[in-house]
Amino acid sequence: MRHTIPLSVLFLGIVLPVAAQEAPSASTSAVYACAEISENEARLACYDDAVGRLKSAEEAGEAIVVTRDEVEEVRRESFGFSIPSLPGLASSVFRDEGELKEVTHPVAAVAQTPRGQMYVTLENGQVWQQTDQKQVYYSKRRGVKTVTIKSAAFGSFMMKFDDGLPFRAERVK
């Protein structure tokens, strides 16, 4: 019995550090690295391991694959909000396109606040409100079909109805 305790302590001392080592991360770069292996069996084993880790991470919700179109949709839907990590994500997908500067959306409704400022609801659910005191004219009978929103100085935005004159606006929802 006296020898069992030291052996089990020795066994734990060897096994725990090995178990504590992290498994290689799941990433597409691990899959791509397998292509560099010239021997067929080693390359296949590398692919099996890397793809298995990637699949497990995806099933566990630790990794996700998004398309360029999905990233573009997020960029368009988040236009007007400050999301500091989005440009980093988008730049990895849009290597040469940079930040989104302008969007055009169909309008669901236009209303005026008690102070006479425009309150605009877009068909995608975004809500924008005029921030300047500029008088904005539009036909209530014809309505507003689309708005174009552009990035302006100091993080502000300019909005215009159809082909009207621009006014300052901010996204409120």
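Two aromatic pairs are found in this predicted model, where rings of Phe, Tyr and Trp (its six-membered ring) pair if their centres lie within 6.5 Å, and planes under 30 degrees apart count as stacked, over 60 as edge-to-face and the rest as tilted. The model is predicted, and local features need pLDDT of at least 70, side-chain atom pairs count only at pLDDT 80 or more, and totals for chains, interfaces and linings use all residues. Residues are numbered from 1 along each chain as its sequence is written, and side-chain values use heavy atoms, with hydrogens and water left out.

**Aromatic pairs**

- The ring centres of tryptophan 128 and phenylalanine 157 are 5.5 Å apart with planes at 80 degrees, so this pair is edge-to-face.
- Tryptophan 128 belongs to strand 3 (residues 127–130) and phenylalanine 157 to strand 5, so the pair ties together parts 29 residues apart in sequence; strands (E, at least two residues) and helices (H or I, at least four) are DSSP runs numbered from the N terminus.
- Tryptophan 128 and phenylalanine 157 are both buried (buried means under 20% relative accessible area, exposed over 50%, partly exposed in between, with a 1.4 Å probe and protein chains only).
- Phenylalanine 161 and phenylalanine 167 also form an edge-to-face pair, 5.3 Å centre to centre with 75 degrees between the planes, and both residues are buried.

**Strand pairing**

- Strand 1 and strand 4 (residues 146–151) pair in the antiparallel sense over five bridges; two strands pair if DSSP finds at least two bridges between them.
- Valine 103 has isoleucine 149 of strand 4 as its bridge partner.
- Strand 4 is also joined by five bridges to strand 5 (residues 157–161), and these two run antiparallel, with threonine 148 opposite lysine 160.
- The hairpin of strand 4 and strand 5 has five residues between the strands, and phenylalanine 154 there takes a positive phi near 55 degrees.

**Salt bridges**

- The whole structure holds three salt bridges, each being a side-chain nitrogen of Lys or Arg within 4 Å of a carboxyl oxygen of Asp or Glu.
- Arginine 53 and aspartate 49 form one of them, with the closest N and O atoms 2.2 Å apart; both residues lie in helix 3 (residues 40–59), four residues apart.
- Arginine 53 counts as buried at 18% relative accessibility, whereas aspartate 49 is partly exposed at 43%.
- Lysine 150 and glutamate 102 meet in a salt bridge at 3.8 Å, N to O. Lysine 150 lies in strand 4 and glutamate 102 in strand 1, so this pair ties together parts 48 residues apart in sequence.
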